[in-house]
Amino acid sequence: MSYNPKPIVTHPKLPKNKFGLTVRDYEGTVSTLCAGCGHDSITAAIIQAVFELDFEPHMLAKMSGIGCSSKTPAYFISQAHGFNSVHGRMPSVTTGANAANRDLTYIGISGDGDSLSIGMGQFAHVIRRNLNMCYIIENNGVYGLTKGQYSASADVGSVAKKGAPNKQMPIDPVSTAIGLGATYIARSFSGDRQQLVPLIKGALAHKGFALIDIISPCVTFNDHEGSTKSYAHTRQFYHHVIDVDFVPPEEEIKVAYDEGSAMPVELHDGSKIVFRKVDKDYDPTSRAAAFSYLRNSVNAGEIITGLLYIDEETGDMHDLSGSVSTPLSKIPYEELNPGKEALEKVMDRYR
């Protein structure tokens, strides 16, 4: 893997946080993703969020699996801890790390393939445990790293560049997370930094499992006849909440619009997709209401964005399991080891 460090050039008047760090101090290596990829916009939003929250870089842990999205932790907070796991296994690795050191703030970066296909089982159980972490799905609807095959969020009837039409129903990570009991659920668009940065800040500050499903356009594999994420299909149909539209490798598309309003986002060729932000009077504390709201948005052909659900009452994994407040990594081995006699008593229960 190539290493492309960014040149260390900092303007003397850049704002600093309480640790005397500028936003440049939270950057990583130079991105190797396709020009115009929405993932890079998400990286920029993460950098801005952690800078504004005054996080010390060494108190953060970046976790990922496999895919285009899972490459992105290299592009932010170079001084943080990091672990790139195998495909779909990031949740269990993060669970182990969090169990050992609960003092760190965990940011998991995944994709629709990494979380909704091979990692679906682990995704479900990390929600069930209410692990204290910010879990970001960079949702582009395809396996971009392996040349654009169907992902678990591909629509019924969509056609890849090669092969038969997809016949399998898509998985919506937001609706799935609501059903599984996630305690912070949000959706956003990579081109809406004004909304995305506060959502990431809220997820990082939340105690428990925080999911942000971010529609992040792929710029390479989704603009051909028969694709449900092509320009032609977008002109004719609206998409479900998990669907994504192709954005060419041109100038990045950015949007800004008010709460409660629906806004058509015009793409480079003149086609449009519709996003709606939740109204400021929307109540995100009812799980049933949130699920119903999402279903209604599908029928209206809108992609609902914003904070969709939050539960601040349910304890996180440590509360539910009754673990000690001191991180296990800081407890001496002599205290962790119960001794031979205690271990024999435990084993006698299984003999």
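**Entry 1: the model.** I noted before anything else that this is a predicted model.

**Entry 2: strand β8.** I looked up residues 209-215, which form β8. How many of its seven residues are buried? I found seven of seven, so I wrote the strand down as mostly covered, taking buried as under 20% relative accessible area.

**Entry 3: the two sides of β8.** I checked which way the residues point. F209, L211, D213 and I215 go one way, while A210, I212 and I214 go the other, and all are buried. This reminded me that side chains in a regular strand alternate between the two faces of the sheet.

**Entry 4: partners of β8.** Which strands pair with β8? I found β4 (residues 133-139), which pairs with β8 in the parallel sense over seven bridges. In this pairing I136 stands opposite I212. I also found β7 (residues 184-189), parallel to β8 over six bridges. There I saw I185 opposite L211.

**Entry 5: E27.** I then turned to E27, which lies in the segment before α1 (38-52). Is E27 buried or exposed? Its relative accessibility is 16%, so I counted E27 as buried, the cut-off being under 20%. I also looked for a side-chain partner and found R24, whose side chain is joined to that of E27 by a polar contact of 2.7 Å.

Notes. Residues are numbered from 1 along each chain as its sequence is written. This is a predicted model: local features need pLDDT of at least 70, side-chain atom pairs count only at pLDDT 80 or more; totals for chains, interfaces and linings use all residues. Side-chain values use heavy atoms; hydrogens and water are left out. Helices (H or I, at least four residues) and strands (E, at least two) are DSSP runs, numbered from the N terminus. Buried means under 20% relative accessible area, exposed over 50%, partly exposed in between (1.4 Å probe, protein chains only). A polar contact is a pair of N or O atoms within 3.5 Å; within protein, one must be able to donate a hydrogen and the other to accept it, and residues adjacent in sequence count only if both atoms are side-chain atoms. Two strands pair if DSSP finds at least two bridges between them.
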